[in-house]
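Please keep the sequence and the structure in view while I speak.

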Amino acid sequence: MSLRLKTILGVGLIEAILLAVLITTVLNYMRLSNEENLESYVATTTTLFATTTKDAVLSFDLASLENFVEEILKNQGVLYVRILDSDSNLLASGGEREYLDKAFITDKSYSDVTDKIYDAEKLITVDNITYGRIEMGISTEQIEKAIVKTKKLAGAIAALEMLLVALFSFALGIYLTKQLKVLQNSARSIAAGDLDHKIEIKTHDEIGEVADSFNKMIKSLNEANKKSQQYHKELVDLNKSLEDRVERRTTKILEQKDKLETAYDELKQTQQQLVQSEKMASIGQLAAGVAHEINNPVAFIKSNLSSLTNYIQTYQEVIEKQQSLLNEVQNLPSEKINTQIEAIKEFWEEEDIDFINEDIETLMKESINGTHRVIEIVKGLKVYSRASDETMEECDLSTCLQDTLKMLSNELKYSCEVITKIEPLLITSCDRSKITQVFTNLIVNAVQAMETKGTLTLEAFHNESDSEKMIIVKISDTGKGIPKENLSKLFDPFFTTKPVGEGTGLGLSISQGIIEDHNGTMTVESEIDKGTCFTLSFKTNVILNDKN
């Protein structure tokens with residue numbers, strides 16, 4: 001549908017709606033006005049006729065009444081008249097017989113009229129005494145004809161108005177489409193690349209404003225096109241020299257690449273040294289506790305050996321007495337034999353040989369256990385302190401955690417309560433030495449974060465999702481927590497909140513690097529005055545333990 005047709009239809013529709021509302025309102029007003037006029041006319045005519053005939057009715061002057069009837073029938077629209085006395089006896093009447101013979105039913109208003117005759121009555125009263133009444137019929141055809149005529153006239157006016165509106169809309173549509181055609185042709189010229197095209201502005205209405213905006217747009221496009229051509233020219237010139245620059249730059253990049261590879265190798269060696277140095281620094285920090293842990297079993301082993309030495313001497317004396325008795329038993333009389341036996345018994349009771357027999361077993365078990373304790377501690381230190389050769393092997397993280405706890409047991413038992421929730425057989429491929437270093441660093445940090453005796457919780461378990469199998473290790477403390485502003489810097493090298501001399505600021509950075517080298521992740525959650533939790537995630541393809 002064209003714009004011109006849309007304009008004609010739109011304007012015509014609006015005009016039709018307005019005319020319909022206007023004509024309906026006018027017709028309703030005219031109808032109501034005519035009805036009110038008719039009702040007023042009927043009321044006035046009946047009242048006036050009743051007043052005129054009152055004296056004649058009272059005097060029973062029939063001749064005068066006939067004259068009054070003839071006179072009233074001359075009035076416009078009066079079809080019949082009857083004058084009745086108080087007993088409904090007919091005194092006088094006039095009009096067409098068909099109306100007089102019809103039963104009289106009073107119409108209270110115009111809306112009660114059904115036969116095009118307004119039937120009205122009026123009582124003849126004097127001092128509130130009724131002496132008769134008038135019945136009169138007045139035609140309503142005139143008012144109905146007037147309404148019909150008005151409707152026809154309104155319809156003719158509406159048709160004429162619609163014709164004029166259609167002509168006006170048609171002319172307006174032609175004007176608008178003509179102006180828009182100019183804009184359309186201009187837009188096609190611009191699309192074809194004619195940026196020097198200009199629209200002639202002949203009006204100062206909205207179409208003129210649109211044309212002016214088109215001209216400004218064309219001017220802007222022309223300027224932009226000239227700048228684009230200039231940039232293209234500059235780009236062509238630049239490309240001519242770009243190959244030489246790229247070649248020189250490539251040579252320089254290759255030289256820098258060789259330097260970077262050399263620097264990377266040196267950095268990697270430095271990193272390994274730094275990791276080992278941090279590890280040895282941690283060993284130095286734990287040396288006092290480990291020494292104390294070793295001294296305890298060594299001390300009671302030494303004490304047990306001293307007691308065993310005394311017990312051996314006692315056994316030797318008993319054996320000598322028994323051997324002496326056995327050597328001389330054939331040459332001695334029975335009295336002396338009994339005397340020596342009694343002496344041996346007294347020596348047995350004095351030295352409490354029965355207690356020695358029981359205590360020897362206990363001392364041997366304690367010494368053996370102490371020896372195993374020292375071996376375990378030394379074994380843990382060997383695993384922790386050896387220089388890493390980056391050997392990846394199948395390792396049980398639950399065993400690593402337990403060994404780390406054993407190595408740190410002396411420091412832990414005086415500092416906090418340890419809660420472990422560790423599943424067995426958490427198998428993954430890793431460098432055992434480096435993973436042990438990470439566990440040690442996190443546990444020591446957790447202990448140091450708890451100023452008063454708190455709770456250290458170690459959790460390790462499998463977490464199997466749809467995508468992959470993971471081992472999760474959580475190390476939590478009930479310490480003072482880490483401020484939010486420090487969480488983002490926690491793994492930065494050399495960042496530390498410890499006093500000068502108590503921390504290098506490299507522990508967590510190195511630990512994170514070790515975990516990332518194992519294709520794992522390390523995250524931290526912390527809340528002030530409630531504690532901190534470090535979560536380590538390792539990939540695994542082996543889940544051996546049955547949780548059921």
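This is a predicted model: local features need pLDDT of at least 70, side-chain atom pairs count only at pLDDT 80 or more; totals for chains, interfaces and linings use all residues.

N519 is exposed, with a relative accessible area of 58%; exposed means over 50%, buried means under 20%, and partly exposed lies in between, with a 1.4 Å probe and protein chains only. Residues are numbered from 1 along each chain as its sequence is written, and side-chain values use heavy atoms, leaving out hydrogens and water.

N519 sits in the loop between α12 (507–517) and β10 (521–527). Helices (H or I, at least four residues) and strands (E, at least two) are DSSP runs, numbered from the N terminus. The phi of N519 is near 60 degrees, a positive value in a residue other than glycine. Most residues other than glycine have a negative phi. A positive phi, near 55 degrees, is also found at L425. L425 belongs to the loop between β6 (416–422) and β7 (427–430), and with 36% relative accessibility it counts as partly exposed.

I turn now to salt bridges. Side chains of opposite charge can pair when their charged atoms come close. The term here requires a side-chain nitrogen of Lys or Arg within 4 Å of a carboxyl oxygen of Asp or Glu. How many salt bridges does the structure hold? There are eight. One of them joins E135 to R82, with the closest N and O atoms 2.9 Å apart. Because E135 lies in strand β4 (residues 129–139) and R82 in strand β1 (residues 78–85), this pair ties together parts that are 53 residues apart in sequence. Both E135 and R82 are buried. Salt bridges also link R82, E121, R133 and E135 in a network.

In another pair, R97 meets D101 at 3.4 Å, N to O, and here both R97 and D101 are exposed. The side chains of E71 and K74 form a further salt bridge at 3.6 Å, N to O. Within that pair, E71 is partly exposed at 48%, whereas K74 is exposed at 63%.

A43 is placed in helix α1 (residues 3–59).

Next, the surface patches. These consist of residues with over 30% relative accessible area and no salt bridge, with like charges joined within 9 Å and nonpolar side chains (Val, Leu, Ile, Met, Phe, Trp, Tyr) within 5 Å. Accessible areas come from the Shrake-Rupley method with a 1.4 Å probe; for residues, only the protein chains shown count as cover. L160, L163, L164 and L167 form a nonpolar patch with about 400 Å² of accessible area together. Of this group, L164 lies in helix α4 (residues 141–191) and is partly exposed at 47%.

I close with a buried residue. S367 has a relative accessible area of 9%, and is therefore buried. Its place is helix α7 (residues 353–385). Which residues does S367 contact, leaving aside its neighbours within four places in sequence? They are I301 and N304, where contact means heavy atoms within 4.5 Å.
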